[in-house]
Amino acid sequence: MIAKLENVSKQYQVGDQTIVALEKTTFTLNEGELTLIIGPSGSGKTTLLSLIGCVIYPSTGTLWVDGQEINSLSQNQKAALRLNSIGFVFQNFNLLSPLTAEDNVMVATYS
Ligand SMILES: Nc1ncnc2c1ncn2[C@@H]1O[C@H](COP(=O)(O)OP(=O)(O)OP(=O)(O)O)[C@@H](O)[C@H]1O
Ligand SMILES: [Mg+2]
């Protein structure tokens, strides 16, 4: 199991408004699977990826990443998880255009 979400949601308080960025979501990402996240603009795709990537944390529910329950981890443990287990490949910006796709992926290991 790569990641598991149980009733995970994300809300933002903007002034006196509560914005629901992700409705309660339950699903499991398994190793070896190809998962596509599709939905209209504003439906919460980036929020979902950011939650799984431990860039932001759930407002409700329980999230496991790489077998670890995120709420139970210290800031340092979450930083270690991000460093060792999580990677983002962006579609446009953040890629180095002189490099091949493979070299862009490998660049993190060059130093
Ligand atoms: N930091 C934030 N503060 C307030 N509202 C936010 C924040 N992040 C996201 N939202 C809101 O949550 C909703 C979901 O946003 P999200 O960016 O996850 O959607 P998306 O599916 O990735 O959209 P797109 O297809 O346009 O990339 C939107 O209404 C958005 O305005
Ligand atoms: Mg998005």
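Residues are numbered from 1 along each chain as its sequence is written, while chains are lettered from A and ligands numbered from 1 in the order in which they are written. Because the model is predicted, local features need pLDDT of at least 70 and side-chain atom pairs count only at pLDDT 80 or more, whereas totals for chains, interfaces and linings use all residues; side-chain values use heavy atoms, with hydrogens and water left out.

The protein contains three helices and four strands, arranged along the sequence as β-β-α-β-β-α-α. Helices (H or I, at least four residues) and strands (E, at least two) are DSSP runs, numbered from the N terminus. The C-alpha trace spans about 45 × 30 × 30 Å along its principal axes. Of the 111 residues, 24% are buried, where buried means under 20% relative accessible area, exposed over 50%, and partly exposed in between, with a 1.4 Å probe and protein chains only. The accessible surface comes to about 7900 Å², and carbon and sulfur atoms hold 54% of this area; such areas come from the Shrake-Rupley method with a 1.4 Å probe, and for residues only the protein chains shown count as cover. Among contacts (heavy atoms within 4.5 Å) with a separation of 6 or more, 48% link residues 24 or more positions apart.

Turning to the strands, pairing is assigned if DSSP finds at least two bridges between two strands. Strand E1 (3-14) runs antiparallel to E3, with five bridges joining them; within this pair, Glu 6 has Thr 62 of E3 as its bridge partner. E3 is also antiparallel to strand E4 (residues 68-69), through two bridges, and here Trp 64 stands opposite Glu 69 in E4. The hairpin formed by E3 and E4 has two residues between the strands, and Asp 66 in its turn has a positive phi of about 55°. Ser 74 is partly exposed, at a relative accessible area of 34%. Its C-alpha lies 21 Å from that of Leu 49, which is 25 residues away in sequence.

Helix H1 (45-52) has Thr 47, Leu 48, Ser 50, Leu 51 and Ile 52 as buried residues. These buried residues pack against E1, E2 and strand E3 (60-65). Just after H1, Cys 54 takes a positive phi of about 60°.

The shell, made of residues with a heavy atom within 4 Å of the ligand, includes Tyr 12, Ile 19, Ala 21 and the residues Pro 40, Ser 41, Gly 42, Ser 43 and Gly 44, together with Lys 45, Thr 46 and Thr 47. H1 gives the most to this shell, with three residues, and strand E2 (17-29) likewise supplies at least two. By class the shell has four nonpolar, six polar and one charged residues; Ala, Val, Leu, Ile, Met, Phe, Trp, Tyr, Cys and Pro count as nonpolar, Asp, Glu, Lys and Arg as charged, and the others, Gly among them, as polar.

Oxygen atoms of ligand 1 come within reach of several polar atoms. A side-chain N or O atom of Thr 47 is 2.6 Å from one ligand oxygen, a polar side-chain atom of Thr 46 is 2.9 Å from an oxygen, and a polar backbone atom of Gly 44 is 3.0 Å from an oxygen. Taken alone, ligand 1 exposes 640 Å², and the protein buries 59% of that.

Note on methods: Polar contact = N/O pair within 3.5 Å; in protein donor to acceptor, adjacent residues only side chain to side chain.
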